[in-house]
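Hi there,

Here is the structure I promised to pass on. Please have a look, and then read on for what turned up in it.

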Amino acid sequence: MSSKIKLSILAPMEKFYEGDVSEINTSTMTGDIGILPQHSSFIGLLRPTVTKLKLEDGSEKSLFTSTGILKVTKEEIQMIVDDAEWPEEIDVKRAEKAKERAEERLHKQDPKTDAKRAEIALQRALARIKTKGM
């Protein structure tokens, strides 16, 4: 049994990450998931979260991943995301302002407000803030 699995993280404008990992922890719309080599194949919808990668040398990396699609096979993991950022790339002030705007939209309960969109914006902002704090 292999101790590594190929991971590709694709964002709209770039191939964000490509390499071998020994484990990945992320979050889908149905909950948190840890993926090891030889994991059962599946496709899931990603939600904004802190995604953690464990590299072959035992080191770990954390990054922000947004909504998208997760495809897992025994040989490879593909994440196609709306956005991905390393902690050092995150602008916390911008994320905090986005959090405040999303909370304001949710609390207004204006029938014109797209509550689902505001909730996802809030999740993205919170995940970015959490990623930066790691």
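Predicted model: local features only at pLDDT ≥ 70, side-chain atom pairs only at ≥ 80, totals over all residues.

Residues are numbered from 1 along each chain as its sequence is written, and side-chain values use heavy atoms, with hydrogens and water left out.

**The strands**

Helices (H or I, at least four residues) and strands (E, at least two) are DSSP runs, numbered from the N terminus, and two strands pair if DSSP finds at least two bridges between them. Strand β2 (residues 14-28) has several partners to show you. Strand β1 (residues 5-11) pairs with β2 in the antiparallel sense over seven bridges, and the two form a hairpin with two residues between them. Within that pairing, L7 stands opposite G19 of β2.

β2 is also joined to strand β3 (residues 31-35), again antiparallel, by five bridges. These two strands make a hairpin as well, with two residues between them, and T28 has G31 as its bridge partner in β3. Strand β5 (residues 49-55) pairs with β2 too, in the antiparallel sense over four bridges.

**The salt bridges**

Side chains of opposite charge can pair when their charged atoms come close. Counting a side-chain nitrogen of Lys or Arg within 4 Å of a carboxyl oxygen of Asp or Glu as a salt bridge, the structure holds seven of them. One of them takes us back to E18, which pairs with K6 at 3.8 Å between the closest N and O atoms. Because E18 lies in strand β2 and K6 in strand β1, the pair ties together parts that are twelve residues apart in sequence. K6 is partly exposed, at 35% relative accessible area, and K6, K15 and E18 are linked in a network of salt bridges.

Another salt bridge brings together the side chains of R128 and E85, at 2.4 Å from N to O. R128 is in helix α2 and E85 in strand β9 (residues 84-85), so this pair ties together parts that are 43 residues apart in sequence. Both ends are buried: R128 has a relative accessible area of 14% and E85 one of 12%.

R47 and D32 also meet in a salt bridge, at 3.6 Å from N to O. R47 sits in the loop between β4 (42-46) and β5, and D32 in strand β3, so the pair ties together parts that are 15 residues apart in sequence. R47 counts as partly exposed at 27% relative accessibility, whereas D32 counts as exposed at 65%.

Finally, K112 is found in the loop between α1 and α2 (115-132). K112 counts as exposed, at 78% relative accessibility. From K112 to G58 is 54 residues in sequence and 49 Å in space, C-alpha to C-alpha.

Happy browsing!

Technical notes
Buried < 20%, exposed > 50% of the residue type's maximum accessible area, 1.4 Å probe, protein only.
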